Amino acid sequence: MSADAASGRSKQDLLTIWARPKNILVAVDGSKYGDSAMDWAIANLARETDVLHLVYCYTPMEEFVDLEDGIVFTPTQKDQEKIKEKAEAILRDAVLRCVGEEPALKHETHLLAGDPRMCISELADKINADAVVVGCRGRGAITRAVLGSVSTWLSHHLTRPLVIIRPPDEQ
């Protein structure tokens, strides 16, 4: 039995679904890894009728205690604003790289504060993403285990189609 028959959808139904505009979510971070994900999504997925959702997730500063010296550091509003301004600049640069000065591709930007894994996953569900595209830093197993990996986590938990891209010079 074919996958089409198993899903209960006719070939015409599948063609109709494929013809509708898609929501393509691309995670950007200002690195060559995020740039490669965006380039791949534009070259291989995005059409003029689709909406490219560019997301940048940043981590706001939180209060912490230096256990050695017992000093409590509380970030100021100015500290928080600097982090957000840097995040906005990264997202703005991604838009310029992606669509240029006069965009032919429809796009939306999403600047989210929090854990990138959760932010991307929740946004993908919220916009009903047809595909999520992320870069991969290519860290080793030990480094991934210690630092974590957004792409690895998404590959295990995301309920949407996921594409993980390495930069061309690392393939």
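1. Ser151 lies in helix α7, where helices (H or I, at least four residues) and strands (E, at least two) are DSSP runs numbered from the N terminus. The model is a predicted one, in which local features need pLDDT of at least 70 and side-chain atom pairs count only at pLDDT 80 or more, while totals for chains, interfaces and linings use all residues. Residues are numbered from 1 along each chain as its sequence is written, and side-chain values use heavy atoms, with hydrogens and water left out.

2. Is Ser151 buried or exposed? With a relative accessible area of 6%, Ser151 is buried; buried means under 20% relative accessible area, exposed means over 50%, and partly exposed is in between, with a 1.4 Å probe and protein chains only. Once its neighbours within four places in sequence are left aside, Ser151 is in contact with Val134, Gly135, Cys136, Leu162 and Ile164, a contact being heavy atoms within 4.5 Å.

3. For the overall layout, the protein chain has 7 helices and 7 strands, and from the N terminus on its elements run α-α-β-α-β-β-β-α-β-α-β-α-α-β. Of its 171 residues, 31% count as buried. Among the contacts in the protein chain with a separation of 6 or more, 74% are accounted for by residues 24 or more positions apart.

4. Helix α5 covers residues 116–126, and within it Cys119, Ile120, Ser121, Leu123 and Ala124 are buried. Against which elements do the buried residues of α5 pack? They pack against the strands β1 (23–27), β2 (51–58), β5 (106–113) and β6 (131–135), and also against helix α7 (150–157). Just after α5 comes Asn128, which takes a positive phi of about 55°.

5. The meeting of α5 with α7 can be described by its geometry. Their axes come within 9 Å and cross at roughly 40°, the axes being lines fitted to C-alpha atoms, for helices over the stretch in contact, with angles that run from 0 to 180 degrees between N-to-C directions. The two helices α5 and α7 are therefore oblique to each other, because angles under 35 degrees count as roughly parallel, over 145 as roughly antiparallel, 65 to 115 as roughly perpendicular and the rest as oblique. The crossing in which α5 passes α7 is right-handed; a crossing is right-handed if the near helix is turned clockwise from the far one by less than a right angle, and left-handed if anticlockwise.

6. Which residues make this contact? On the α5 side they are Pro116, Arg117, Met118, Ile120 and Ser121, which meet Val150, Trp153 and Leu154 in α7. The residues of this contact divide into 6 nonpolar, 1 polar and 1 charged, where Ala, Val, Leu, Ile, Met, Phe, Trp, Tyr, Cys and Pro count as nonpolar, Asp, Glu, Lys and Arg as charged, and the others, Gly among them, as polar.

7. How many salt bridges does a search of the whole structure find? The search finds 7, a salt bridge being a side-chain nitrogen of Lys or Arg within 4 Å of a carboxyl oxygen of Asp or Glu. One of them joins Arg20 to Asp130, with the closest N and O atoms 2.7 Å apart. This pair links distant parts of the chain, 110 residues apart, since Arg20 is in the loop between α2 (11–19) and β1, and Asp130 is in the loop between α5 and β6. Arg20 counts as partly exposed, at 34% relative accessibility.

8. Asp169 and Lys32 also meet through their side chains in a salt bridge (3.2 Å, N to O). Asp169 lies in the segment after β7 (162–165) and Lys32 in helix α3 (residues 32–44), so the pair ties together parts that are 137 residues apart in sequence. Asp169 is exposed at 58% relative accessible area, whereas Lys32 counts as partly exposed at 38%.

9. Arg97 forms a salt bridge with Asp39, the closest N and O atoms being 2.4 Å apart. Here Arg97 is in helix α4 (residues 77–99) and Asp39 in helix α3, 58 residues apart. Both are partly exposed, Arg97 with a relative accessible area of 44% and Asp39 with 34%. Together with Asp35, these residues are linked in a network of salt bridges.

10. Finally, His107 is found in strand β5 and is partly exposed, with a relative accessible area of 26%. Beyond its neighbours within four places in sequence, His107 is in contact with Val51, Leu52, Val95 and Val99.
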